[in-house]
Amino acid sequence: MTWTLPLEQIRNLPVRGDHCKPLPIRRRAANIGAGQITGDWMTEETGFASRMGEIRAGFWPKTRKMLKQIGAARLIATTIFILLALAFARHSWSVMLAKDAERALYDVRALLASPRTETDPRITMVTFTEDTLRATGRRSPLDRAMLARGLAQLDKMGAKGIGIDILIDQPTPEDQQLIDTFRSMKTPTYLGFASNKTNATFMTLDQENFLRDVLAQAKPGNVHPTSIRLQADDDGVMRSWPDQPRDLPPLMANSLTGGHEAFRDFQGSIRYRLPAFADRPVFDKLPIDLISNPDLVEALKPQIEGRYVLIGGDIPDVDQFITPSSRIQKGETTIGLEIHATLLAQMLDNVMPNKIPGWGLWLIALGVVAMGALTAIGQMKIWKLALVLIVQIGAVVAVPFLWQFHGIDTQGLPVFGWLVGWVFAYTAVGTAARGIGAEQRNFAQGALGKYLPRDIAADIMKNPERLKLGGEKREIYALFTDLEGFTKLSHQIEPEMVAFLLNNYLDVLSETVLEHGGTIDKFVGDAVVAFWGAPISRPDDPDRAVACAVAMYEAGEAFRKRAPEGVPPIGVTRVGLHRGEAIVGNFGGEGRIQYTALGDSMNTAARLEGANKYLKTKALISETVVEKSTLGYFRPVGRIAVSGRSTPMAVFEPVPHQSLESVTQFTELLRRFDDKDPNAMAELEALVESNPDDNALANLVERLREVGPGGYSALDK
């Protein structure tokens with residue numbers, strides 16, 4: 001079977017990929033001779049000047065043509081996906097599951113960008129610990145007598161300000177002692193306050209009234225209410241400053257510093273800091289037991305004097321929070337008192353990271369989606385596409401880290417949304433582009449597919465000049481197959497069944513060739529002739545050809561097993577593969593042409609296919625192919641001399657199911673045999689005995705006995 005194309009059909013093909021309709025022909029000056037077809041094609045309405053005007057018309061006509069090719073349904077679907085991509089790239093923080101991914105990415109950025117610092121000399125935490133609770137015998141409410149003694153001592157030590165992260169919301173026997181201490185305080189002291197309105201879960205109206213009464217009794221002391229409100233995200237992680245309702249007093253950090261108006265409504269990210277050294281925490285922490293001991297006033301004074309002191313609990317099961325750091329590092333939780341200390345330090349440092357405005361996020365989302373869409377229609381080679389993808393994905397991931405490190409608040413930055421939006425846009429536009437390409441391929445198959453293989457047809461659609469008569473010398477990988485005993489089989493069954501089996505068999509093998517990038521030259525009965533290296537040459541052609549040889553044998557075996565009932569056993573598929581030079585091109589006369597390869601390499605591949613029968617192999621690969629292939633599963637099966645070649649050639653059998661080690665050891669064993677190692681033959685015979693089903697191995701050893709080291713077998717084919 002040959003692939004041919006009538007020249008009259010060539011003349012009626014559209015030029016250079018205009019797949020909508022044939023161009024009307026005004027003038028065609030053809031010169032047929034010397035194996036070439038040349039032509040001057042012009043439309044009946046344009047000519048050169050009109051063509052130049054068409055170029056100057058610019059982008060819009062091409063766009064209209066592209067939209068027409070896409071089609072209304074595909075255009076609507078693509079637009080919907082683009083809009084979804086844009087929406088996701090902007091609002092992924094509001095989408096379930098995506099929000100979790102965004103938070104995780106932010107937590108990593110926040111952890112890596114967190115500054116490492118020495119112990120902060122401005123703030124000290126004083127805590128009720130488990131030891132304190134055991135010593136006082138009080139867990140809830142906390143021992144207020146201990147709190148009163150601690151406050152009195154802090155007042156003497158010269159604290160700059162005191163914040164109490166404890167709610168005095170129910171009566172205890174020690175209340176009067178605490179109130180008396182409040183009245184005597186000279187240091188500005190801020191007592192934690194919460195209201196039923198803003199925290200109904202933990203603060204009843206009675207509790208709020210009791211707290212207000214305590215604050216009223218503390219007058220005229222220097223004690224004032226302060227908000228101790230903290231708000232974790234719905235995943236339990238403390239990432240942001242809490243909202244600060246105006247019906248609550250200022251947040252503790254704001255109260256202690258005398259009021260930073262800019263921070264009064266700030267709800268950006270908390271700037272966490274990490275210790276520069278493992279044994280030096282970010283904030284000093286002292287148990288209230290020590291502070292309340294009057295004998296330690298002078299010893300502890302350097303850690304209190306001139307500092308902001310925060311008092312609260314450090315109890316494992318109370319007031320514990322997860323931070324981005326502890327979430328990523330799976331470390332211990334952070335007490336609420338330390339969160340307040342972190343807010344205070346951030347306020348003292350006046351660190352208010354800027355966020356990218358909403359319009360900026362829309363612009364970025366638009367850019368990311370456009371980048372994905374343009375990449376999809378870029379028609380780049382695979383290595384360029386891989387490089388572009390790496391650069392783009394790297395930029396999407398790296399830029400938020402750079403912003404975080406340079407003081408921009410990236411919480412709320414839809415990084416995961418950008419990635420998904422990019423993928424949506426790339427997929428949607430790529431699908432539309434592939435749809436256009438499919439229509440173009442359908443046209444190529446309709447016009448040329450009856451005469452030429454699909455890969456050649458596609459290449460001709462891109463390069464119509466390939467239709468000229470003539471050929472060129474190319475290095476190719478020629479492949480021949482044969483179905484053992486098919487001629488005999490065809491005499492034993494009905495002609496209809498012969499046609500059915502042959503068509504299905506050739507379909508299977510043809511698809512195998514095309515899947516491995518080969519060019520189908522022709523069918524000769526049940527034989528398939530194919531080659532690699534023309535009209536398109538690829539660096540991995542040898543590996544493609546070898547893999548195809550193996551796949552064709554395996555496809556033939558699968559075909560045998562699927563034979564209909566009543567059909568006599570079908571023979572094996574044998575394959576020969578050789579590398580050499582050939583003349584490849586279009587050959588024929590004025591009326592018909594055929595794309596094929598001519599030369600000794602094609603004949604040698606045919607001889608190798610036939611040699612399988614004598615060598616008991618399934619596929620034979622010449623040494624010229626093995627030299628170029630990067631695959632390592634070639635088992636040598638000796639040297640043979642075939643008809644038409646003056647010199648013997650080394651041949652190999654592909655054995656992909658054997659380990660590389662065993663193939664290497666066998667190759668070394670044959671080398672030792674050729675070097676006249678006296679033990680080599682015995683080892684080969686032992687291999688035959690241990691592999692009784694390996695007919696090719698047994699045949700090789702039998703031939704080696706006959707020809708000896710360095711010898712070769714002469715075959716009829």
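Visitor: Over which residues does pLDDT stay under 50?
Guide: Good place to start, as this is a predicted model. The mean pLDDT of the protein chain is 83, and 84% of its residues reach 70 or more. Where pLDDT is low, the predicted coordinates should not be read in detail. That caution applies to the stretch where pLDDT stays under 50, for which the model still has 92 contacts beyond four places in sequence: residues 1-46.

Visitor: Which residues lie closest to the centre of the second largest pocket?
Guide: This pocket holds about 1100 Å³ of space. Its lining has 36 residues, and the closest to the centre are Asp165, Leu167, Ile228, Val318 and Asp319.

Visitor: Which elements give two or more residues to that pocket's lining?
Guide: By residue class, the lining of the second largest pocket divides into 16 nonpolar, 11 polar and nine charged. The elements giving two or more residues to this lining are helix 7 (144-157), strand 13 (308-313) and helix 15 (336-348).

Visitor: What percentage of the residues of the protein chain count as buried?
Guide: Let's step back to the whole chain, which has 27 helices and 26 strands. Among contacts between residues at least 6 apart in sequence, 73% join residues at least 24 apart. Of the chain's 717 residues, the share that counts as buried is 47%.

How values were computed
Residues numbered from 1 in each chain as written. Predicted model: local features only at pLDDT ≥ 70, side-chain atom pairs only at ≥ 80, totals over all residues. Heavy atoms only, no water. pLDDT = per-residue confidence, 0-100. Contact = heavy atoms within 4.5 Å. 1 Å grid on protein atoms, 1.4 Å probe; cavity = no way out; pocket = protein on both sides within 12 Å on 5 of 7 lines; lining within 4 Å. Points joined across faces, edges and corners; volume = space filled by probe spheres on them. Helix = DSSP H or I, 4+ residues; strand = E, 2+ residues; numbered from the N terminus. Nonpolar A, V, L, I, M, F, W, Y, C, P; charged D, E, K, R; others polar. Buried < 20%, exposed > 50% of the residue type's maximum accessible area, 1.4 Å probe, protein only.
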